[in-house]
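The structure is shown first, and the points follow by topic.

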Amino acid sequence: MAVVGPVILKLLLPLILLWLNFNSLPLTQASKWESWKDQYPFIKAASSFSSSSSSSSSNVGSKKANYDYIIVGGGTAGCPLAATLSQKFSVLLLERGGVPFANANVSFMQNFHISLADTSPSSASQIFVSTDGVFNARAKILGGGSCINAGFYSRASSSYIKKAGWDSKLVNESYPWIEKQIVHKPNLAPWQRAVRDGLLEVGISPFNGFTYDHVYGTKFGGTIFDRFGRRKSAAELLTSANPEKLHVLVHATVQKIEFDTSGKKPRAVGVIFKDENGNTHKAFLSKRRGSEIIVSSGAIGSPQILMLSGIGPKKELEKLNIPVVLDNKFVGKGMSDNPLNTIFVPTNRPVEQSLIQTVGITKMGVYIEASSGYGQTEDSIHCNHGVVSAEIGQLSTVRPKQRTQEAIEVYKRNKKNVPQEAFRGGFILGKIATPLSTGKISLKSTNIDDIPSVTFNYFSHPRDLKRCVNGIRIMEKLVKSKHFTNYTQCDKETLDKLLNMSVQANINLIPKNTNDTESLEQFCKDTVITIWHYHGGCHVGKVVTSDYRVINVHKLRVIDGSTFTESPGTNPQATLMMMGRYMGVQILRERLGRAAGL
């Protein structure tokens with residue numbers, strides 16, 4: 001194997017930490033509310049909800065006792081779903097996080113990395129570590145993952161749509177509904193153009209220009225950042241809602257779904273949730289035919305809520321003394337995450353910041369993407385990097401029992417020697433398209449605030465490892481292409497410092513096999529990270545039907561990425577938002593007939 005691969009791959013390691021090292025920008029609750037409440041009058045704090053009795057509840061700002069639809073989770077799919085259903089019916093949307101509109105950490109592209117590193121209680125994201133030892137993040141904000149991602153927008157392939165069993169005509173109506181409201185054509189950064197030219201040079205062709213479509217070759221995709229770098233998340237789709245019928249509660253953490261079990265099959269009747277002050281409330285469905293509770297809490301939240309509500313593997317539920325409503329061994333199973341391996345390319349000058357704009361869609365089962373411009377100051381190199389850093393003892397190259405204070409101090413001293421060239425440059429990303437390795441999610445407690453135990457079993461299937469190696473080889477060629485020669489003129493001393501530093505760097509908690517530096521397979525395993533595209537846990541045919549109704553349960557659906565066996569397209573947010581709109585229209589048509597005109 002050429003030495004360039006391991007050398008350049010190792011260069012990324014110190015950068016990952018520094019990419020995640022900033023503190024949250026403080027914003028007062030008052031300023032958050034005042035700036036957007038006129039545009040979204042239907043969004044209220046969960047504490048504003050009032051219950052008239054233990055068996056009924058009232059709508060926010062209304063005397064009605066119940067709702068036609070209760071949606072648990074105001075995320076990437078939940079927001080367009082709620083906006084669509086509210087056109088004809090009353091909808092209560094419950095979101096455990098806050099609002100994104102006046103949160104600078106969420107709203108501006110330049111602060112992308114900050115929200116991911118923020119570990120405060122009001123953070124838009126929750127950091128967790130899978131049992132595999134890989135750092136990950138889960139959204140906790142109205143708009144879900146569309147508030148904390150890199151903004152790239154690209155549709156699923158036509159074959160994916162067909163495999164999902166979706167109506168292609170409605171799909172092709174639902175995507176534009178999203179795009180007209182929040183998607184933009186990016187202003188291409190020089191780094192992205194260089195990556196485009198490099199991809200074409202190494203054979204990832206043809207060049208398909210700017211397109212939302214998923215087609216083989218190299219292309220530019222859309223973005224949910226406007227020309228000023230301001231994010232337009234799924235939460236903005238709520239402007240299309242009927243404000244008279246939609247009620248959104250933020251900081252509303254659903255504890256469980258309640259069921260009527262007197263019939264042959266359990267029937268969902270309401271939810272119990274806590275507000276921001278810790279007070280408990282109940283909200284109930286209307287008894288009208290067609291009313292439903294729809295869980296849209298993502299690949300971690302949805303199976304977690306089902307299990308806490310008594311739907312899941314009987315033995316696992318009984319261990320936690322959760323009353324079993326329905327024994328289904330498949331809930332929480334089939335979890336999958338798309339492995340990501342990254343090459344950092346140091347430059348001899350600052351580069352313009354860019355998130356994902358260019359993508360190479362290969363026929364080798366890997367997607368190549370790029371970002372640039374995470375320029376850091378000298379002060380940030382020397383600072384404590386918080387929960388995801390080695391300073392608190394998470395040195396991936398040191399066994400847990402050997403993570404002494406002395407070892408931590410050695411790491412900190414060595415980090416001061418990282419050359420400035422390490423903190424300007426760009427990343428090239430290789431994502432496995434359709435991993436076959438799967439894992440599971442299981443409850444650690446009955447507390448909804450405790451992130452469950454999550455296992456993805458990265459690279460447990462040999463095909464995934466083979467595809468990773470293919471991706472690394474493509475990235476290796478890309479870095480050596482002539483289009484990068486003006487970016488990568490680092491001297492040998494700088495490269496040596498980066499290489500030496502990377503041996504002790506921390507991008508995950510997986511013990512490293514540093515003696516096997518010539519194996520691409522081992523580098524894939526040692527340097528695996530996430531691109532936050534995890535999915536599964538409530539698969540179609542095992543937990544839900546093809547129209548996302550929970551099997552053997554009345555009045556309950558799951559509509560989100562937990563139902564996916566594969567992540568759609570290069571980046572899933574476009575299809576998740578489309579899915580929310582699509583299913584909203586499907587449900588209305590089913591309930592009202594096609595005369596509804598939707």
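**Salt bridges and their surroundings**

Glu173 is partly exposed, its relative accessible area being 36%. The model in which this residue is described is predicted.

**A pair within helix α8**

- Glu173 is joined to Lys169 by a side-chain salt bridge, with an N to O distance of 2.7 Å.
- Both residues belong to helix α8, where Lys169 and Glu173 are 4 residues apart, about one turn of the helix.
- Lys169 is exposed, because its relative accessible area of 56% lies over the 50% cut-off.

- Arg155 and Glu179 form a salt bridge whose closest N and O atoms are 2.9 Å apart.
- This pair links distant parts of the chain, 24 residues apart: Glu179 lies in helix α8 (residues 168–182), and Arg155 in the loop between β6 (152–153) and α7 (158–164).
- Glu179 counts as buried at 10% relative accessibility, and Arg155 also counts as buried, at 14%.

**A pair within a network**

- Glu292 and Arg549 meet through their side chains in a salt bridge of 3.8 Å, N to O.
- Glu292 is buried at a relative accessible area of 5%, whereas Arg549 is partly exposed at 27%.
- Through shared partners, salt bridges join Glu292, Asp547, Arg549, Arg557 and Glu590 into one network.

Terms used
Residues are numbered from 1 along each chain as its sequence is written. This is a predicted model: local features need pLDDT of at least 70, side-chain atom pairs count only at pLDDT 80 or more; totals for chains, interfaces and linings use all residues. Side-chain values use heavy atoms; hydrogens and water are left out. A salt bridge is a side-chain nitrogen of Lys or Arg within 4 Å of a carboxyl oxygen of Asp or Glu. Helices (H or I, at least four residues) and strands (E, at least two) are DSSP runs, numbered from the N terminus. Buried means under 20% relative accessible area, exposed over 50%, partly exposed in between (1.4 Å probe, protein chains only).
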